[in-house]
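The sequence and structure come first.

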Amino acid sequence: MTPRRLEVLRAAVLDPVDGSRTPERRILVEDDRIVAVLGPGDPAPEAFEAATRVDAAGRVVVPGFIDAHVHLLGYESDLGVPGRESPLYVAARAGDLMGAMLRRGFTTVRDVGGADHGLVRAVEEGYLAGPRIFHGGPALSQTGGHGDFRGAGEVCAHSASTALPTIGLVADGVPAVRAAVRNEIRRGARHIKLMLGGGIASPTDRIDSAQFAEEEIRAAVEEARNAGIYVTGHAYTPAAIARALRLGVRCIEHGTLLDDETAGLFVENDAFLVPTLAIGTLLASEESAEFGVPEESRRKAEGIRAAGTEMLRIARDRGVQVVFGTDFIGPMHRFQSREFAVRAEVLPALDILRSATVTAARLLGEEGELGRIAEGYLADLLVLDVDPLEDIAALAEPERSVATVISRGRVVEG
Ligand SMILES: [Zn+2]
């Protein structure tokens, strides 16, 4: 079969590794892969005469963005809702969220609670439009932890025996944790997410609570390692972060209350930090009530909002590997790209661009596949109306800054 061919013409290609821009490139794509990046003098293979053409004159072309913290089932602000709904309805809502993420320029996402192998397959086979998904199944939580979405008066929680899609799953004790991890590995998980401390969206825990016993965390890390994947942990406080990194957890979600000493542990352990700041700012605002966010969650977010920018500063000064993540929920998803603007208050543009491309690719174990524009890489490309190194905050409004999204070698419509 003849391959599908696409050519991006007159592209100024930005390499997130060193921030260099190379003008007047022709990016040649066959099926879902970049087969060559040519200069003006280079002859193009004849086969490309009939290729689909995207003219990028006057624009900057960057690799598709990676959002390393999403919940594709999080169509409601109450994260317990999808676990109580028809899975078919949940899939339809996930499809809607995914299509919108793709159009914003997120061509890859890491789902840290919710997405399953079925959703991954539906996108890979082209039945749903969406980003590439790196999933871990539901986030594992102890009873009363951040992945236990029951109110204090409710009895049943989702446990490892369920096959239904849900954002959180309760497992207590080493055997239950091992069984839950093994079950997610069986279902194709690319990582395992553990809730290792309190959070904002959970109704019954304190943000500063520690969650899971050390032996439970150790068991999850061992099972994940046995299967060649890693554990990522939800944690805000230095105590929860330090404990996780010491026990072999490779990545920390949020990390909002990070201090200098704990930041050093990331470097020592070659671990990753995925801050999610824009959602915190929005949750803490009076606006959040409009989006169905309970007052209890708003107060929790308010309590830690200021810490976020300080965390970025500490992480930057310590040389922590920072990855782009957002964690938007419910109707707030449309503000997903605001994360670029919030980070721009502290970080240089190139650091932010790297966090959403090459550094994220390293976290996913996809170096050489994702995060750069070069021969052999997957053809996920964005044609931008702005130069992100001059105005990265402009990416907060994708409708103005992202001209064309190319995903798997195809132009994304609409
Ligand atoms: Zn989350």
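A salt bridge is a side-chain nitrogen of Lys or Arg within 4 Å of a carboxyl oxygen of Asp or Glu. The model is predicted: local features need pLDDT of at least 70 and side-chain atom pairs count only at pLDDT 80 or more, while totals for chains, interfaces and linings use all residues. Residues are numbered from 1 along each chain as its sequence is written, and side-chain values use heavy atoms, with hydrogens and water left out.

Asp380 and Arg132 form a salt bridge, with their closest N and O atoms 2.7 Å apart. Over the whole structure, the search finds 36 salt bridges.

## Domains

An automatic or database domain assignment provides the bounds: domain 1 is 5-64 + 369-413, and domain 2 is 65-336. Their centres, taken over C-alpha atoms, are 31 Å apart. Contact (heavy atoms within 4.5 Å) involves 16 residues of domain 1 and 14 residues of domain 2.

The buried area, meaning the accessible area (1.4 Å probe) that two parts lose on being put together, summed over both, is about 1200 Å² between the domains, and carbon and sulfur atoms give 64% of this. On the domain 1 side, Gly64, Leu370 and Arg408 lose the most area, together 39% of what that side buries. The rule finds 1 salt bridge across this interface.

## Zinc site

His69 (NE2), His71 (NE2) and Asp327 (OD) coordinate the zinc ion at 2.1 to 2.3 Å. Donors are N, O and S atoms within 2.8 Å of the metal (3.2 Å for Na, K and Ca); water is not among the atoms, so sites may look incomplete. The donor residues are spaced H-x1-H-x255-D in sequence.

Buried means under 20% relative accessible area, exposed over 50%, and partly exposed in between (1.4 Å probe, protein chains only). His69 is buried at 0% relative accessibility, and His71 is buried at 4%.

## Helix H4

Helices (H or I, at least four residues) and strands (E, at least two) are DSSP runs, numbered from the N terminus. H4 (residues 214-226) has 13 residues and spans 18 Å from its first C-alpha to its last, close to the 18 Å expected at 1.5 Å a residue, where the expected span is 1.5 Å times one less than the number of residues. Its buried residues include Ile217, Ala220 and Val221, and their cover includes helix H3 (174-186) and strand S12 (230-235).

Within H4, Arg218 and Glu214 lie 4 residues apart, about one turn of the helix. Their side chains meet in a salt bridge (3.4 Å, N to O). Arg218 is partly exposed at 45% relative accessibility, as is Glu214 at 29%.
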